[in-house]
Amino acid sequence: MTIEYSSISNQQSAISNQQSAISNQHYFPVKICLPESSPSRIIITMSTTSPPTSIREPEFIYPRIVCLAASPFSLPSDYADWEIDYYLRLEDWIPDPSGQVIFVIVNKDPSAAVSLLQQLRRHPDFCTALCYVTGAIHPEIEQLTDGALPEAAILRERFAHFQELLASFNENETAILPTGRLIKYLWLRPHFIIQPCHAWQSPRYWFYPLLDALHPDEDTFDWLRTLANQRIIESVDLIDRQRECPHCRSSHLSFIDVCPNCGSLDIAQQASLHCFTCGHVDVQDNFLQGGALVCPKCLTQLRHIGSDFDRPIENHNCHACHHAFVESDVQVRCMHCGKSSQPTDLVEHKIQSWRLSDRGRIIAVRGDIFDLAASFDQLQFIPGELFRHDLDWLLTLARRYPLINFSLFGIYFPQLPELAEKIGHARLIQLLEVFAQRLRSMLRTPDLSTRTAENMLWLLLPQTDEKGLQGFHTRIKTSLGDIMKDSDHQLNYQLIGIHSGQIDEQEDAQLLMARLYAEVK
Ligand SMILES: [Zn+2]
Ligand SMILES: [Zn+2]
Ligand SMILES: [Zn+2]
């Protein structure tokens, strides 16, 4: 079918209408021919009946392939049209950051391939680039690449899709930080799951190859926790739940049975007997005299189990202190730091697989959205409705019983978006996180917190009278002052507090909070 259009301005919409009429799902290449004689006339040739293969395809802009091969190698013949540069090592290649590159790693030695991939994933400009391998793929390689090198036609499709995603990615200052790089990496690979791998050489047994490569200076598990707290990633599957040393978090632990009396290792399971006549308990061997059972203490001959003697349940003996016992104690020794601990002290650690969350995808498209809630997540806010309900309840109690008192405290941060603009989101979120940490250390277990606007926090402090409130106010001020001292920028804030004695009889939680909010705003 041939459609003729006489003006260039119609060209785009006509193409997209045709495309969507054919398929909503697939990208259809369209050939546009510009006859030399009439540059304003465009002939669009496309097929609606036959499969995409019969379409005359547009000029495909081939990305450059950088093939890293330690020994002579050439890509399959279907790659004949592609520009391919072969290098022995990544260092030999002189990058051109403006160009589009696909890496192909010829994998003959998996450990060399892994270290090459780690090098690539640390590269500031190419850490998120498409990268394929030839040869065997084990889980660690799989986590650092886009898989086995496909046929040239499939790679073209994948590259086109990759370019579309790249175009919609919001490249901002955070993309140069490890978290930004991770978001970009995951954005460009919509189905990618961050999987842990395991190795006995690794102190924690489990490790995440991609996270290690993108952020080698940070403890992966700390970084993961931060990413999960910021709701940038979400868990997919629970892979393992392991116990770790409370001192160094190693999972290489040795469990030893010891004497519950003296802690000695030198214990053994021994058959013992209990003489009913005199009550003596001793190891069985000591009862054996000339083939008969005779109590070594009272010399009674023991004939019938149950009436003359029985087996005591204390069937363990300590060779150091001769204590007989039923159950030994268990000591845990860390094979990494050498410290001992009790089994109950071990830290339980869930190993999960992860993917980019909805919030992570929003950040990928819109840039680092400012979200105070994420910085304050560690305060464990309760919903505003529940907070108001509890405040009403405390108000009723305090009015009824003179011994009950409480305080309500508000923290308002004006001009947060302006400050974010000035110092950058990353820095502002850092500032707020430091503050949230300090604030958390000041709160007691029964204290409640909520957030009624992005920049308005509320704290409900039970059993806090006028004096207590003043103290809290001073501590918050000092804390904010300390944070400001270390910073070049001013984080403006307004504090407001009221104790139960000051609250009007007529006011309920909603009215009270609205009145105080109006005062600070
Ligand atoms: Zn002992
Ligand atoms: Zn006896
Ligand atoms: Zn340890």
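Reading the sheets, cores and helices of a predicted model

Analyst: In this predicted model, strand β23 (residues 406–412) pairs with β26 in the antiparallel sense over six bridges. Within β26, L495 is the bridge partner of I411.

User: Why are β24 and β26 said to stand at the edges of their sheet?

Analyst: The sheet is open and has four strands in the order β24-β25-β23-β26, with antiparallel pairing. β24 (448–453) and β26 (494–499) each have a single partner strand, so one side of each is left without a neighbour in the sheet. Neighbouring strands are turned by 20 degrees against each other on average, direction ignored. Helix α13 (residues 466–485) packs on this sheet and touches β23, β25 (456–462) and β26.

User: Why is α5 called roughly perpendicular to α8?

Analyst: The axes of α5 (residues 178–187) and α8 (residues 358–366) come within 10 Å and cross at roughly 100 degrees. Angles of 65 to 115 degrees count as roughly perpendicular, and therefore α5 is roughly perpendicular to α8. In this contact, I183, K184, L186 and W187 of α5 meet G360, R361, I363 and A364 of α8. The residues of the contact divide into five nonpolar, one polar and two charged.

User: What makes β20 and β21 a pair?

Analyst: β20 (residues 329–334) and β21 pair in the antiparallel sense over two bridges. Because at least two bridges are required, the pair meets the definition. V332 stands opposite S341 in β21. Both strands belong to an open sheet of three strands with the order β11-β20-β21. The edge strands are β11 (253–258) and β21 (340–341), each pairing on one side only.

User: Which residues touch the most other members of the largest nonpolar core?

Analyst: That core has 41 residues, and F103, V104, I105, L117 and I183 touch the most other members. Apart from it lies another core, of 30 residues, among them F387, I411, L431 and L460.

Key
Residues numbered from 1 in each chain as written. Chains lettered and ligands numbered in written order. Predicted model: local features only at pLDDT ≥ 70, side-chain atom pairs only at ≥ 80, totals over all residues. Core = buried A, V, L, I, M, F, W, Y, C linked by C-beta atoms within 7 Å. Buried ≥ 20, exposed ≤ 12 C-beta atoms within 10 Å, placed from the backbone. Axes fitted to C-alpha atoms, helices over the stretch in contact; angles between N-to-C directions. Parallel < 35°, antiparallel > 145°, perpendicular 65-115°, else oblique. Contact = placed C-beta atoms within 7 Å. Nonpolar A, V, L, I, M, F, W, Y, C, P; charged D, E, K, R; others polar.
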